[in-house]
Amino acid sequence: TQYSFKEVFGTLVEQKELFDVVAKPLVEDLIRGKNGLLFTYGVTGSGKTHTMTGSPGDGGLLPRCLAMIFNSIGPFQAKRFVFKLDDKNGVDVQSEVEALLERQRREALPIPKTPAGKKQLDPDFADMIDVHDGCRAEEVDEDNVYAVFVSYVEIYNNYIYDLLEEAPFDSIKPKWNSCNTPVRNGDFVPPQSKILREDQNHNMYVTGCTEVEVKSTEEAFEVFWRAGQKKRRIANTQLNRESSRSHSVFIIKLAQAPLDADGDNVLQEKEQITLSQLSLVDLAGSERTTRTKAEGSRLREAGNINQSLMTLRTCIEVLRENQLYGTNKMVPYRDSKLTHLFKNYFDGEGKVRMIVCVNPKAEDYEESLQVMRFAEMTQEVEVARPVDRPLCGLTPGRRLRNQAFREELSRKLQLRGGPVAAGPEEQSAAELFFQSFPPLPSCELLDINDDQTLPKLIETLEQRHKMRQMLAEEFAKNVLAFKTMLQEFDSSVASKENYIQGKLAEKEKTITGQRTEMERLEKKIKTLEYKMEILEKTATIYEEDKRNLQQELESKSQKLQRQASDKRRLEARLQGMVAETSLKWEKECERRVAAKQLEMQNKLWVKDEKLKQLKAIVTEPRAERPERPSREREREKPLPRSVSPSPAPAVPVTPLRPRRSRSAGERWVDHRPAGHVPTETLLQPRVPRAITVEAPSERALARCDRYLLTHQELASDGEIQTKLIKGDVFKTRGGGQAVQFTDVETLRQESPTG
């Protein structure tokens, strides 16, 4: 059996090659603001979890996706709590001050902090995230700020549980007894299952799910490994020592928003925030309970796993059928939490990719065939791609310009040795202005007879006053000149505005004329479209009438052909009946003439005998007995009237039942009871010149020669069978009519498949 896929990887393929082909395009779409979904699908023990997580020294798809995300957006990340997720699958943006207050409030609470990037990593997974290739996305908008949120849930027995929830969680408890009921334990508090909701954009999300903001690959993977992976339900089965008993979903949400026009702070507009997510799903393996030897809770888990995977197959098959045949069947997303959670992906809200893991074991042959057949069929399903998000309209390169300005400002501050209150040009002009005034002399009077200090002070103040007046006059001249320049500038601006207004008025007139022409053309187009629609409907009606007339013509021509063939058969039959009837009548006439001749001859012979006897009595004496001549002798004598043939040995004088002759003119009595049911058999009784009655009468029997009784009854197979009982009509001696039945025909239908 051969199956075709977009890409096939061998047993020695490296995780990096698999990531570059399968997951890297999804991460690039995530950074561009698009959603993505990645499945690992296969039989138990085929390597799904290994493909998703990896092994020490060779990380899988999940750590490589995290590393690529943070390598791409690392320098452009926002501070913690600048982006804040709400409980309706949305995101809000806060100012730097609000984010700082939120961080201080979180640090004051006695809540375990999220792991920091500088903390020593857990040796269990430290080698998995040691990715040295430095993979990053090519197209990253540097004028945006980014924040990454992760969440981790599992679907166990068709219930959704939050693996990052702080509630006590024990994958071993509760224990189950032999009756498949949980053992009572007062210390154990079972985790609460989560429910699915639909946001305002018709995307499904897990309500009340814990979403952690992370700032590095190490921090994100530590959340995945410590808080989530150790709580996931696994169990030992006959096929796998650590078999996943639930579907795990690791969701990476990337929030991004543009900077303001200055390139300094985040733009405080919720409409400009883009929230995209990448879902990495490690499906539980499909398995046969006869092979896993599962019992109790393991058997119930296997049933729920197989049921959810079957629902996934059903949804894919219905989508494929709707696309191939144009049907509109309802896709049963709600039959399983797995398909209901990712409903929006199959409706076109993101790109979906599936990795099929196959274990070349002879024992997994049947299951592997089913997996590959389903995976090949999913390639024929096409989902619509969402349109790109529109741009915010701000000038690109804002972050780089703001960064360059800050660097230049810090460099000048270092050169000056301290901060400045205003711009450098304004500060230097003020210093020169104050330095131009003469310095004030000392104002201390140490002696009452001192006559030098006050005159010097008065002289200095007078000089300063004169200089001030000169500066005031110069300032007034400059103000006047500046006002004149402003007036000239205003007049030029006004003239330019008038010119521009005239041009705009002309352009508006042109645009108005073009809009009027466009509206006229649109109306004309709508009128023509309406006419075309009417013509198409008329043509459709005419074509339908044409097809109906053609079908009617064909049926009429076939009917005429059948009637012509029936007419020819009837003519041939009538000709045969006429010939047969003519022959019968000729023979009957000959027979009747011969019988009449014989009867007349017998009568003549009797009369001759009587005459002879009378003559003998008259001529001969009474004593002698007249001798009767023999018949032979009389035959030799010529008769005077006619030659009488020899009499027959026995003349038929015995009275018989009179019977009408069967000739071409015979008529039938067609006796059909009132409850007769017409059948659709090809062979139908055709009785010419028949008198149809519901009950036989003496008058009808007196006018006909033959009798036909139609009798219907229910056969053993449930079908109606029709019996045609035929008979001859005779006159009785008492003057009545009698029927003698001579033949029975049976008409019935049988099923060829019965």
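A polar contact here is a pair of N or O atoms within 3.5 Å; within protein, one must be able to donate a hydrogen and the other to accept it, and residues adjacent in sequence count only if both atoms are side-chain atoms. This is a predicted model, in which local features need pLDDT of at least 70 and side-chain atom pairs count only at pLDDT 80 or more, while totals for chains, interfaces and linings use all residues. Residues are numbered from 1 along each chain as its sequence is written, and side-chain values use heavy atoms, with hydrogens and water left out.

View 1. The Lys16 side chain makes a polar contact of 2.9 Å with the side chain of Asp20. Asp58 is 42 residues from Lys16 in sequence, and their C-alpha atoms are 8.5 Å apart. With 35% relative accessibility, Lys16 is partly exposed, a class between buried (under 20% relative accessible area) and exposed (over 50%), using a 1.4 Å probe and protein chains only.

**View 2. Helix 3, a mostly covered helix.** Of the 13 residues in helix 3, twelve are buried, among them Leu61, Cys65, Met68, Phe70 and Ile73. What span should the 13 residues of helix 3 (residues 61-73) have? At 1.5 Å a residue, taken times one less than the number of residues, helix 3 should span 18 Å, and its end C-alpha atoms agree because they are 18 Å apart.

How values were computed:
Helices (H or I, at least four residues) and strands (E, at least two) are DSSP runs, numbered from the N terminus.
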